[in-house]
Amino acid sequence: MIVRLGYVALPLDIDDCSPSRTITYTNYTKIPNEDIRQDKILSLTKANLENTIRILKHNITKDISIYRITSKLVPLVTHDNVTRWNYIGKFKHYYDQIANIIESNNLRISSHPDIFNVLNSPNENVIYSSLDTLIYQNIILDAFRVTPVNGKLVMHIGGSYGNKNKSIKRFITNFARIPDRIKSRIIVENDDKIYNIKDTLYVAKSLGIPMVLDVHHHWCNNDGLRLSDFLFDIFSTWNNEVLSPKIHVSSPKSDKEFRSHADYINFESFNNFIKIAKTTDMDFDVMIEAKKKNLALYKLMEDIKKSTNYTIKNGASFIV
DNA sequence: ACCTGTCAAGTCTGG
DNA sequence: CCAGACTTGACAGGT
């Protein structure tokens with residue numbers, strides 16, 4: 001079984017490399033001249049693309065082939081009152097450069113629209129803005145020449161609105177409204193408060209889409225369900241995919257702030273998960289969601305090296 | 001150079 | 001019923 005590790009958006013071992021530089025809407029409106037406002041957005045986007053290139057190159061030197069791009073590459077892009085502009089055409093050469101790096105190194109690139117995108121909301125305006133975000137994310141992945149086969153968008157089921165079953169149904173109904181190309185990118189993840197692994201697996205199976213297991217969320221929100229009873233079925237939602245199943249891994253910050261992410265990954269808990277995963281005999285990919293980002297990935301690899309249970313494959317993958 | 005409050009967005013909670 | 005928490009990195013404005 002081969003397990004590959006990746007991380008989210010921002011490496012902490014390169015200086016000044018944020019791919020998420022931005023301007024707040026309030027400050028945007030303080031700029032009196034439309035041209036200067038536009039210049040500001042352009043220069044931030046340019047910096048974000050350049051930094052994304054630096055990050056991908058850095059990842060390659062560390063054998064990291066799993067990476068989640070920032071959802072904030074283009075500042076204020078989904079804001080209603082900000083002028084729409086051709087954020088692809090203006091920087092085509094950067095997107096092409098990124099596409100070439102991804103292609104020639106066979107990188108797995110994903111994206112995760114943030115918590116404000118809710119597909120099961122009863123509020124139509126929320127649906128519209130969520131669809132808008134999905135369309136934007138799809139455009140970015142397309143510009144990176146990452147197809148729906150390789151580039152997924154991770155979504156949560158959403159709110160409960162006092163009735164989980166009804167809200168699950170609404171997610172399924174609203175899913176039909178998503179353009180087909182974007183539908184084939186969407187994968188669903190269990191969350192830490194409302195939709196547990198059973199709920200999420202039900203949605204994934206109903207829609208015929210893959211499920212991402214978040215091990216930490218399951219620990220926070222499990223209603224007594226045992227991972228060992230569900231993991232094979234969760235991984236099996238990826239059977240028709242080219243990509244391997246993916247899981248999210250993080251550790252609780254403290255007993256009190258158990259939902260918050262700790263700096264690093266608890267190796268004992270990680271080992272325990274691997275024991276369960278071993279019974280599925282399937283390769284899988286791990287998205288590390290630790291505060292210390294890729295530093296936590298390096299530390300986990302160090303722990304894995306010291307353990308006798310594993311064989312190191314390269315800087316960011318190992319064999320169980 | 002460093003610290004603090006603020007920020008575009010949605011939902012849920014606690015008062 | 002509404003303000004604040006949740007969560008996140010980054011900016012703006014202060015010292």
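Mentor: A residue counts as buried under 20% relative accessible area, as exposed over 50%, and as partly exposed in between, using a 1.4 Å probe and protein chains only. At 35%, Glu124 is therefore partly exposed. This is a predicted model, in which local features need pLDDT of at least 70 and side-chain atom pairs pLDDT 80 or more, while totals for chains, interfaces and linings use all residues. Residues are numbered from 1 along each chain as its sequence is written, chains are lettered from A and ligands numbered from 1 in the order in which they are written, and side-chain values use heavy atoms, without hydrogens or water.

Trainee: How many helices and strands does chain A have?

Mentor: Helices (H or I, at least four residues) and strands (E, at least two) are DSSP runs, numbered from the N terminus. On this basis chain A has eleven helices and ten strands.

Trainee: How should I read contacts along chain A?

Mentor: A contact means heavy atoms within 4.5 Å. Among the contacts in chain A with a separation of 6 or more, 78% join residues 24 or more positions apart.

Trainee: Where does Glu289 lie, and is Glu289 buried or exposed?

Mentor: Glu289 belongs to the loop that links strand 8 (284–288) to helix 11 (293–306). With a relative accessible area of 11%, Glu289 is buried.

Trainee: Which side chains make polar contacts with Glu289?

Mentor: A polar contact is a pair of N or O atoms within 3.5 Å; within protein, one must be able to donate a hydrogen and the other to accept it, and residues adjacent in sequence count only if both atoms are side-chain atoms. The side chain of Glu289 meets that of Arg68 at 2.6 Å and that of His248 at 3.2 Å. Leaving aside residues up to four places away in sequence, the residues that Glu289 touches include Val8, Asp214 and His261.

Trainee: What surrounds Ser110?

Mentor: Ser110 sits in strand 3 (residues 108–110) and is buried, with a relative accessible area of 3%. Its side chain makes a polar contact of 3.2 Å with the side chain of Lys246. Beyond residues up to four places away in sequence, Ser110 touches Tyr67, Arg68, Ile69, Lys152, Lys246 and Met287.

Trainee: Where are Glu124 and Lys275 found?

Mentor: Glu124 lies in helix 4 (residues 124–143), and its side chain makes a polar contact of 3.0 Å with the side chain of Arg177. Lys275 is in helix 10 (residues 267–278) and is exposed, at a relative accessible area of 57%.

Trainee: Which residues come nearest to DNA strand B?

Mentor: A residue is near a strand if one of its heavy atoms lies within 4 Å of it. Of the 13 residues around DNA strand B, the nearest are Tyr25, Thr26, Phe116, Ser160 and Tyr161. Sugar or phosphate supplies 62% of the atoms of DNA strand B within 4 Å of the protein, and bases supply the rest. Phosphate oxygens of DNA strand B lie 2.7 Å from a polar backbone atom of Tyr25, 2.9 Å from a polar side-chain atom of Ser121 and 2.4 Å from a polar side-chain atom of Tyr161.

Trainee: Which residues surround DNA strand C, and how do they divide by type?

Mentor: Among them are Leu10, Thr22, Asn27 and Lys291. Sugar and phosphate account for 100% of the atoms of DNA strand C that come within 4 Å of the protein. For the types, Ala, Val, Leu, Ile, Met, Phe, Trp, Tyr, Cys and Pro count as nonpolar, Asp, Glu, Lys and Arg as charged, and the others, Gly among them, as polar. The surface near DNA strand C has one nonpolar, five polar and four charged residues, and the surface near DNA strand B has five nonpolar, six polar and two charged. A phosphate oxygen of DNA strand C is 2.9 Å from an N or O atom in the side chain of Arg21, and a polar side-chain atom of Lys293 lies 3.1 Å from a phosphate oxygen of DNA strand C.
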